[in-house]
Amino acid sequence: IMNKTDILIIGAGPVGLFTVFEAGLLGLNCTLIDNLDKPGGQCAELYPEKPIYDIPGVPFQTAQEHVDALLEQIKPFNYDLHLSERVDLIEEITLENESFWKVKTTEDKEFISKNIFIAAGAGSFEPRRPPNIEDPDKYLGKGVEYAVRSVDKYKNKNVVIFGGGDSALDWTVELSKVAKLVTLVHRRDAFRGAQHTEEQMRALVEKGKVNLLTPYLINSIEGDDIVESITLKNFESNEIEDYEADELLFLFGLNKKLGPILDWDIDLNGKKIKVNTENYQTNKDGIFAVGDINDYPGKLDLILSGFHETTLAVQEAYKRIYPGERVPFGYTTSNSKLQEKLGVKK
Ligand code: FAD
């Protein structure tokens, strides 16, 4: 069964989220899809605690506060949010003599829509894989993960965490509360994460609750179908050592990847999608690109530019759904039905 939606938005960063608001004002519903496990794009993933000073009318907000405010703002409107899946395929289809876009995700979900909004920022964030393992994804969900999806999964398990940044340190401390044993493996005995968390980790090592292995690197994963054990290489002695392991967590950070966007046959300018500045449509009717992913003369990669772009694009999307009709325009303050929806008190 295919889900039909007025606007399908690829990317739940700030610009994708605000699209739901602008579409909602015109009575259009949206579906958001993001590869990350949370909404907010770069703001939530790269700099949640950094302040933002240039949102009009908002002198100060941390990036996460900005995302939370956007989520609050779109609460009155109809939208679906699909996380931890990437849009891989866009194709044109005809239904009852009308043409639509069909989208398929990595979870095999399909959606159809008259309007696709690519709000993909700098591309989808993909976890970095361990460098010298041939096909680590073969064990994905069977002992290999690139993010913690549920803490329960690690209860009473032999967990091996790889990495030297904040997430490796944070999860070493957290999972040591439930796991049988947590082993932290890093290529050198220095960490990039918060000093406070590193101290907590080292205290757990002293107490024998965490096993710290440096300078080590993964050498192989053993097991036919699921992870049964691993071998690690000691950088100093060059020796290969065997270790027991039930669950491996590779927390090496994220790469930004344009990935599938390159296959959608859309005109690009370098790594960005070309749009016109009248309605931010690409060379394909009904496919729009808004926010950091687009390019036009004078483009600035700022949140407020994306808000403007998507506001104009939504107008065109409306016209594509209701051809020939006037796009309802009014200030949010002069629309009484909307005021009801937004819960504004007179
Ligand atoms: P993004 O925030 O990049 O979100 C895009 C989302 O799309 C991502 O979550 C990604 O996973 C998803 N995605 C991509 N491809 C796919 C796919 N195929 N399938 C599913 N999902 C996909 N801007 C300001 O205005 N003020 C500031 O103070 C400011 N400070 C910044 C500080 C830092 C450190 C950085 C890195 C940026 C800063 N920016 C700032 C820039 C701002 O973050 C970006 O302009 C903004 O995030 C762009 O929003 P977006 O919605 O276009 O894209």
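Within helix α5 (residues 195-206), R202 and E198 are four residues apart, which means that about one helical turn separates them. Helices here are DSSP runs of H or I with at least four residues, strands are DSSP runs of E with at least two, and both are numbered from the N terminus. The side chains of R202 and E198 meet in a salt bridge, at 3.1 Å from N to O. A salt bridge is a side-chain nitrogen of Lys or Arg within 4 Å of a carboxyl oxygen of Asp or Glu. R202 is partly exposed, at 28% relative accessible area, whereas E198 is buried, at 16%. Buried means under 20% relative accessible area, exposed means over 50%, and partly exposed lies in between (1.4 Å probe, protein chains only).

The model is predicted: local features need pLDDT of at least 70, side-chain atom pairs count only at pLDDT 80 or more, and totals for chains, interfaces and linings use all residues. Residues are numbered from 1 along each chain as its sequence is written, and side-chain values use heavy atoms, with hydrogens and water left out.

The structure holds 20 salt bridges. Side chains of opposite charge can pair when their charged atoms come close. One of the salt bridges links D88 to R86, with the closest N and O atoms 2.8 Å apart. D88 is partly exposed at 28% relative accessibility, and R86 is partly exposed at 22%. K177 forms a salt bridge with E174, and here the closest N and O atoms are 3.0 Å apart. K177 counts as exposed, at 58% relative accessibility. E174 is partly exposed, at 38%.

Strand β1 covers residues 3-10, and six of its eight residues are buried, so the strand is largely enclosed by the rest of the structure. β1 pairs with strand β8 (residues 110-118) in the parallel sense, over seven bridges. Two strands pair if DSSP finds at least two bridges between them. N3 has F111 as its bridge partner in β8. β1 also runs parallel to strand β2 (residues 30-33), and four bridges join the two. In this pairing, I10 stands opposite I33 of β2. Between β1 and β2 the chain passes through helix α1 (residues 14-25), and this β-α-β crossover is right-handed. That term applies if, with the strands pointing away from the viewer, the path from the first strand over the helix to the second runs clockwise.

An open sheet is formed by five strands in the order β10-β17-β11-β12-β13, with parallel pairing. β10 (144-145) and β13 stand at the edges with a single partner strand each, so one side of each is left without a neighbour in the sheet. Strand β12 (residues 181-185) runs parallel to β13, and four bridges join them. V182 has V210 as its bridge partner in β13.

Several loops carry backbone features. A cis peptide bond joins T214 and P215, with omega about -10 degrees. P215 sits in the loop between β13 (210-213) and β14 (216-222). S84 is not a glycine, yet its phi is positive, at about 55 degrees. S84 belongs to the loop between β5 (79-82) and β6 (87-95), and it is partly exposed, with a relative accessible area of 28%. E96 is not a glycine either, and its phi is positive at about 45 degrees. E96 lies in the loop between β6 and β7 (98-105). E96 counts as exposed, at 78% relative accessibility.

T105 lies in strand β7 and counts as buried, at 4% relative accessibility. T105 and L204 are 99 residues apart along the chain, and their C-alpha atoms are separated by 41 Å.

The structure holds zero disulfides, a disulfide being a pair of cysteine sulfur atoms within 2.5 Å. C30 is buried, with a relative accessible area of 3%. C43 is also buried, at 1%.
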